[in-house]
Amino acid sequence: MSVPELGAAEIQQLLSQHPAWQLAREGKAITRTFTFKDFSEAWGFMSRVALLADGQDHHPEWFNVYNRVEVTLTTHDAGDSGGLSQRDAKLARAIDGIVAH
Ligand code: H2B
């Protein structure tokens, strides 16, 4: 089922509210890299994000090497061929909340 894609003004708002995230994939995604003390900390973060994301039925694309986790958020169901939606804004907010504590 299709989800509304964010407009230009909504994307700017998302980026200003989440300054650590960057636009990727020609405006169709946002990405943020997290660096932790070691693999255990990185995996702990991934475990928390996984449960949170599954609860939102919205799942990150990510890449992990040792203490680094690169997270990309995009909505496959947005618009005609995927893009950013409020689901990404909501998950970015929740992920930022995890690392803020
Ligand atoms: N995650 C992401 N990132 N984008 C989606 O469009 C998406 C998802 N859709 N998780 C959900 C699951 C959908 O496939 C299920 C059926 O609700």
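## Tour: an aromatic cluster, then the ligand

Select F34 and F45: both are buried. This is a predicted model, so keep that in view at each stop.

**Stop 1: the F34/F45 pair.** Show the two rings. F34 and F45 form a tilted aromatic pair, 4.7 Å centre to centre with 40° between the planes. Now colour by secondary structure. F34 sits in strand β2 (residues 29-35) and F45 in helix α2 (residues 39-56), so the pair ties together parts that are eleven residues apart in sequence.

**Stop 2: F36.** How buried are the partners? F45 has a relative accessible area of 3%. F36 is at 19%, and the cut-off for buried is under 20%, so F36 counts as buried too.

**Stop 3: the cluster.** Ring pairs link W21, F34, F36 and F45 into a cluster. The count of aromatic pairs comes to five.

**Stop 4: the ligand shell.** Move to the ligand. Which residues surround the ligand? Select D57, H58, H59, T74, T75, H76 and D77. This shell divides into five polar residues, two charged and no nonpolar.

- D57: a polar side-chain atom lies 2.5 Å from a ligand oxygen atom.
- H59: an N or O atom of the side chain is 2.8 Å from a ligand nitrogen atom.
- D77: a polar backbone atom is 3.2 Å from a ligand oxygen atom.

Finish with a surface view. Taken alone, the ligand exposes 390 Å². The protein buries 67% of that.

Terms used:
Residues numbered from 1 in each chain as written. Predicted model: local features only at pLDDT ≥ 70, side-chain atom pairs only at ≥ 80, totals over all residues. Heavy atoms only, no water. Near = heavy atom within 4 Å. Polar contact = N/O pair within 3.5 Å; in protein donor to acceptor, adjacent residues only side chain to side chain. Areas by Shrake-Rupley, 256 points an atom, 1.4 Å probe, with all protein chains shown as cover. Nonpolar A, V, L, I, M, F, W, Y, C, P; charged D, E, K, R; others polar. Phe/Tyr/Trp six-rings, centres within 6.5 Å; stacked < 30°, edge-to-face > 60°. Helix = DSSP H or I, 4+ residues; strand = E, 2+ residues; numbered from the N terminus. Buried < 20%, exposed > 50% of the residue type's maximum accessible area, 1.4 Å probe, protein only.
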